[in-house]
Amino acid sequence: MTNLLKWLRCSLAAGFVLLAGCSKDAMIKRSLERADSFYAADELEKARIEYLGVLRRDPQNVRALTRLGFILTKQGMPLVAGSALGKARMLDSTNAELCLRLAQAFEAAGQHAQARKEIISGWDQAGQFIEEYAGTLAESSFIPGDVEDA
């Protein structure tokens, strides 16, 4: 009987060690890798599902929020995209593409003033996106003075 108890204890301990090997960080990393590969292959629905899985485990994961926002914008859901992109922008205020995509989501949702505000706030970081910034700024400008500023 004591041998059976020893064997049972050892088996349980080994099981716990195996379960502990699959940490939260490792699961997030694998999910991000899968999501990124789906995104690169333009399998947006599969990527969206993987990024949502990452966000369930890590609600402040900037990469997942950003990519989810990009996907939702491409899928024609600018209001939902704006929510994800806005949260990502709060967490990473220096990302020029993120600023641009958030402004474009605002523009697509008809929130022109908010789009313009976002573009102007990120103008200094525009870098390689400068032409898209200028185009989005022009699209968001409805008042004659705004167009002259753009």
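Mentor: Asp36, Arg63 and Arg67 are linked in a network of salt bridges. This is a predicted model, in which local features need pLDDT of at least 70, side-chain atom pairs count only at pLDDT 80 or more, and totals for chains, interfaces and linings use all residues. Residues are numbered from 1 along each chain as its sequence is written, and side-chain values use heavy atoms, with hydrogens and water left out.

Trainee: What counts as a salt bridge, and how many does the rule give?

Mentor: The criterion is a side-chain nitrogen of Lys or Arg within 4 Å of a carboxyl oxygen of Asp or Glu. By this rule the count comes to seven. In one of them, Arg63 pairs with Asp36, the closest N and O atoms being 2.6 Å apart. That pair links distant parts of the chain, with Arg63 in helix H4 and Asp36 in helix H2, 27 residues apart. Helices (H or I, at least four residues) and strands (E, at least two) are DSSP runs, numbered from the N terminus.

Trainee: Which helices hold Glu50 and Arg34?

Mentor: The side chains of Glu50 and Arg34 meet in a salt bridge of 3.3 Å, N to O. Glu50 lies in helix H3 and Arg34 in helix H2, so the pair ties together parts that are 16 residues apart in sequence.

Trainee: Is Glu50 buried or exposed?

Mentor: Buried means under 20% relative accessible area, exposed over 50%, and partly exposed in between (1.4 Å probe, protein chains only). Glu50 is buried because its relative accessible area is 16%. Arg34, at 38% relative accessibility, counts as partly exposed. For the protein, buried residues make up 35% of the 150 residues.

Trainee: Which residues does Asp36 touch?

Mentor: Contact means heavy atoms within 4.5 Å. Not counting residues up to four places away in sequence, Asp36 touches Tyr51, Arg63 and Arg67. A polar contact is a pair of N or O atoms within 3.5 Å; within protein, one must be able to donate a hydrogen and the other to accept it, and residues adjacent in sequence count only if both atoms are side-chain atoms. Such a contact, at 2.5 Å, joins the side chains of Asp36 and Tyr51. Arg67, found in helix H4, touches Asp36, Tyr39 and Tyr51 under the exclusion of residues up to four places away. At 24% relative accessibility, Arg67 counts as partly exposed.

Trainee: How is the span of helix H4 to be judged?

Mentor: The expected span of a helix is 1.5 Å times one less than its number of residues. Helix H4 (residues 62–74) has 13 residues and reaches 18 Å from its first C-alpha to its last, close to the 18 Å expected. At its start, a side-chain oxygen of Asn61 reaches to within 3.2 Å of the backbone nitrogen of Arg63. Just after H4, Gly76 takes a positive phi of about 80 degrees.

Trainee: Which residues of H4 are buried, and what do they pack against?

Mentor: An α-helix has 3.6 residues a turn, so residues three or four places apart point the same way. In H4, the buried residues are Ala64, Leu65, Thr66, Leu68, Gly69, Phe70, Ile71 and Leu72. The buried residues of H4 pack against helix H2 (24–40), helix H3 (44–57), H5 and helix H6 (96–108).

Trainee: How many helices and strands does the protein have?

Mentor: The secondary structure comes to nine helices and zero strands.
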